[in-house]
Amino acid sequence: MEHVERYLQTFTTLQADGLERLAGIFAADARFKDPFNDVRGLAAITRIFAHMFATTQHSRFMIVDHALAGNTLFIRWDYHFQTLKGERWEIPGTSVVRFNAAGLAVEHVDYWDPAEHIYSKLPVLGWGMRWLRGKLTAS
């Protein structure tokens, strides 16, 4: 369980100037997938987080809940940040993380809805998505 606590602690305290800490929780050839990325390797994973910190302010992950089943960790989280213009956002999501025998993550897959939490907030695209949602809703 020590590797689980280290993993959770790393994500809840991660900062732009501490990305080298990712090497302590990911295997060198780990896979990271989210709605925008599907990469393999520690260098590529680090670039994703560097980009996140470069394009947001006050980024932080808050763990809502987690459960471990064998070598698989399930995490429910809320991602809080501000845009570079100062707008506050919150995105809820879930991660599924598989660990190797050494306690390092070999796969981290994030599940969250970019349509609801990003696209719908964009001016033109948001209007179109709200219209489409209204047409597809069973009410």
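In this predicted model, strand β4 is mostly covered, with nine of its eleven residues buried. Buried here means under 20% relative accessible area.

β4 has a pairing partner in β3, and the two run antiparallel, joined by ten bridges. Within this pairing, H66 has I75 of β4 as its bridge partner. β3 and β4 form a hairpin with two residues between them. In that turn, G70 has a positive phi of about 65°.

β4 also pairs with β5, again in antiparallel fashion, through eleven bridges. T72 stands opposite R98 of β5. This pair, too, forms a hairpin, here with five residues between the strands. G86 lies in the turn and has a positive phi of about 95°.

In a regular strand, side chains alternate between the two faces of the sheet.

The largest pocket holds about 610 Å³ of space. Its lining consists of 26 residues, and those that lie nearest its centre are D34, F36, M52, Y79 and W112. The elements that give two or more residues to this lining are the helices α1 (2–13) and α2 (42–55), together with the strands β3 (57–69), β4 (72–82), β5 (88–99) and β6 (105–111).

Which element gives the most to the lining of the largest pocket? That is α2, with five residues. By residue class, the lining of the largest pocket divides into 17 nonpolar, seven polar and two charged residues.

Terms used:
Residues numbered from 1 in each chain as written. Predicted model: local features only at pLDDT ≥ 70, side-chain atom pairs only at ≥ 80, totals over all residues. Heavy atoms only, no water. 1 Å grid on protein atoms, 1.4 Å probe; cavity = no way out; pocket = protein on both sides within 12 Å on 5 of 7 lines; lining within 4 Å. Points joined across faces, edges and corners; volume = space filled by probe spheres on them. Helix = DSSP H or I, 4+ residues; strand = E, 2+ residues; numbered from the N terminus. Nonpolar A, V, L, I, M, F, W, Y, C, P; charged D, E, K, R; others polar. Buried < 20%, exposed > 50% of the residue type's maximum accessible area, 1.4 Å probe, protein only. Pairing = 2+ DSSP bridges.
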